Every structure is written in C-alpha cells, then in structure tokens.
Amino acid sequence: MRFELRALFLSLILSGIVEACRPNGSGVQPSAADETEDELARLTDSIRSIISSAPGEIGVALITGRGDTVAINNEDKYPLMSVFKLHQAISLCDLFDRTGWSLDTVVAIPRSQMNPSTWSPMLKDHDGDTIDLSVRELLVYTLTVSDNNASNYLFSNFQSVAETDSFIACLIPRESFRLSVTEDEMWLDHDLCYKNHSSPLGAAVLLNRLVCDSIISPGSGGFLLETLRKCVTGADRIVAPLGDKAGIEVAHKTGSGFTKENGVLTAHNDVAFVTLPDGGHYTLAILVKDFHGSESEASAIMARISAIVYNTIFI
C-alpha cells in the first residue's frame, strides 16, 4: 500500500499537482481556477526575481490549501542539514506505532557517549554522568532546538539512517530525497552534508502529508505538529514576516549548514506548514545551497520570499 502511495504522489508531482487538505465545500470554479493560475504565475515571477540575484542556489516549493503548487529550482540537490530530523521523527514515530512501544519510554544516556563539541542544548540542560529522558523528550530536543546528540542517540539505538530513508521513500518519491549520514558523521566530515539531500518539493510534500494525511497515528502526528509549532530555531527565516500576524500558527523545521574555509555557507533551510486565521493553510519549503554570504543575509532572502507568499495567499 505504501509503494502505491509513493507511485501516486510521484505521478501527481510530475503533473505539478499535489493533493492537500481542502476546506469543506471549497470547490474551485473555472473562473476562480484561471484567477488562481494567474496569481501563482505572478508569485512565481516574484520569487524568481528575488533569487535570480542571490549569491547561491535557492529552491522554493509551495503547496496551497487548494492543492496548487509552485516549484522553483526543484532539483534534488540541496543539503537538508537538520531538516532531516523531521524525516527521522516521522519514521521513528511510525516504528513506535507499529511495535506498540511508548514514546514515553525512558532511556539512560551516558554523558560519556555524547559529543560535547556539537550543537546540543540537551547537554547544557542536564547535569550528571547519565541523562534520563523519554524518547518523546529526545524528539522534542531534535525538533525544537535541533539537538545533534539527541538525533545521534536515536539513530544509534532505535532506527538507523538507512531504515529512516527506506520508510520515507514510501511516503514521498524516491527521486526527491536521499538520507545517508548522521549528524555525528557530518560533524566529523563537513563535506558529508551533501549526502543528505532533497528537492524543495520533496521536503514540502513530506511536511504537508504529516499534517494532512494519516501517514502515522493521530496521536503521533498531533505530537509532532505541536512540537514543530514550538520550534525556536530560524526565527529570522519563514517565520520572520509572520510573527506579528494575529491568528497565524507556524509549524516548521530548520536546517543550518557549515561555513567552508572560503566563506561559502553550505546550506540554510526552512520548511513550514502555515495555518492562517481564516482556517486556510499552505506549506512552504525554502532550501539554500552554497551561499556566498552570511547566515543573516540568507535568512533575509528567505524572509522576503515568505512575506510574498503570505501576501499572495492571504491578503
């Protein structure tokens, strides 16, 4: 059944249409469809104008609540960085759903097995030689603050990168992503970050399916959605122009790359599901690769794209 879903979504993506949640009774009439097409064409032109002068490669994918899509520079070549922790969380929740294990299972993590030099708020939050946390709490660390040690522990003790990659390939087209290495492996060799890659639409479809389809149990799906809404990293990216808007909820996962010796930023990403005050929604993925500039400069471009999408969809 999963492989049938994969084939279905591949055919839909190739035709430029991805099925998403639709508001009740929201059939689009021909005249409205023509207007929408023109609107999305203008949006595409605006985004292309922004990224055309950017000092790096930028890919953008949008899935509206009506199921319309925009995909710009949609090649499967962008390093996911910590966005792949979304893939990990979805796959791990599926494993726990199928086995009947509880996400509240507590594990004892030896501090000696953790990397003290990698990004890990978890290590700063907990003292002692052993850290006792539930799997649920580890997932919160990976999704809200992008903790690398928590992610590495889950890969080492519950489900490997290869197993995660295999499961996600049942949800989105194999041609749209690849997972091969852990955060620990990327920390040891920064060039390995290119081994975990995705197209913008591949990342957007995965998040959209998490919210709109029953790809994991309702309990697990609800937990991940609420956790992603608490993400505190990358507040200057997709979230930036939306933070002061009343009634908007943003569930998102960011990924930040390494800066090479020549000053090139390997990646700077954000994938978000935006719920609007009127009940509408859209999914937006912005992936940046080999950016000749700072993180703040990359974030500013992403924020501009986010603002244009919001103004097109909602205003």
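Q: In which strand does D290 lie?
A: The model is predicted: local features need pLDDT of at least 70, side-chain atom pairs count only at pLDDT 80 or more, and totals for chains, interfaces and linings use all residues. Residues are numbered from 1 along each chain as its sequence is written, and side-chain values use heavy atoms, with hydrogens and water left out. Strands (E, at least two residues) and helices (H or I, at least four) are DSSP runs, numbered from the N terminus. The strand that contains D290 spans residues 281–291 and is β10.

Q: What is the phi of D290, and is the residue buried or exposed?
A: Most residues other than glycine have a negative phi. D290 is not a glycine, yet its phi is positive, about 50°. The relative accessible area of D290 is 18%, and under 20% counts as buried, over 50% as exposed and anything in between as partly exposed (1.4 Å probe, protein chains only). D290 has a phi of about 50° and is therefore buried.

Q: In which loop is N73 found, and what is its relative accessible area?
A: N73 also is not a glycine and has a positive phi of about 50°. The loop that holds N73 runs between β2 (69–72) and β3 (78–79). N73 is partly exposed because its relative accessible area is 32%.

Q: How many helices and strands are in the protein, and what percentage of the residues is buried?
A: The protein has 11 helices and 10 strands. Of contacts (heavy atoms within 4.5 Å) with a separation of 6 or more, 70% are between residues 24 or more positions apart. Of the 315 residues in the protein, the buried percentage is 55%.

Q: Why is helix α6 described as largely enclosed, and which residues of it are buried?
A: Helix α6 covers residues 148–157. Eight of its 10 residues are buried, so α6 is largely enclosed by the rest of the structure. These buried residues pack against α3, β4, α4, α5 (135–144), α7 (161–168) and α8 (183–188). They are N148, N149, A150, S151, N152, Y153, L154 and F155.

Q: Which residue has a side-chain oxygen that reaches the backbone nitrogen of N149?
A: The approach is at the start of α6. The oxygen reaches to within 3.0 Å of that nitrogen. The residue is D147.

Q: Which side chain makes a polar contact with the side chain of S120?
A: S120 lies in the loop between β4 (106–110) and α4 (121–125) and is buried because its relative accessibility is 6%. Not counting residues up to four places away in sequence, S120 touches D147 and N149. A polar contact is a pair of N or O atoms within 3.5 Å; within protein, one must be able to donate a hydrogen and the other to accept it, and residues adjacent in sequence count only if both atoms are side-chain atoms. At 3.1 Å, the partner of S120 is N149.

Q: What distance separates the side chains of R174 and D165 in their polar contact?
A: R174 sits in the loop between α7 and β6 (177–178). R174 is buried because its relative accessibility is 17%. Its side chain and that of D165 are joined by a polar contact of 2.7 Å.

Q: At what angle do α3 and α9 pack?
A: Axes are lines fitted to C-alpha atoms, for helices over the stretch in contact, with angles from 0 to 180 degrees between N-to-C directions. The axes of α3 (residues 84–99) and α9 (residues 200–212) are 11 Å apart. L86, H87 and I90 of α3 meet L206, L207 and L210 of α9. The packing angle is about 40°.

Q: How many aromatic pairs does a search of the whole structure find?
A: Rings of Phe, Tyr and Trp (its six-membered ring) pair if their centres lie within 6.5 Å; planes under 30 degrees apart are stacked, over 60 edge-to-face and the rest tilted. One of the pairs is F96 with W101, edge-to-face at 5.4 Å centre to centre and 85° between the planes. Another is Y310 with F314, whose centres are 5.6 Å apart and whose planes are at 35°, so this pair is tilted. The number of pairs found is four.

Q: Which residues form one aromatic cluster?
A: F96 is buried because its relative accessibility is 2%. W101 is partly exposed, with a relative accessible area of 45%. The cluster consists of F96, W101 and F158.
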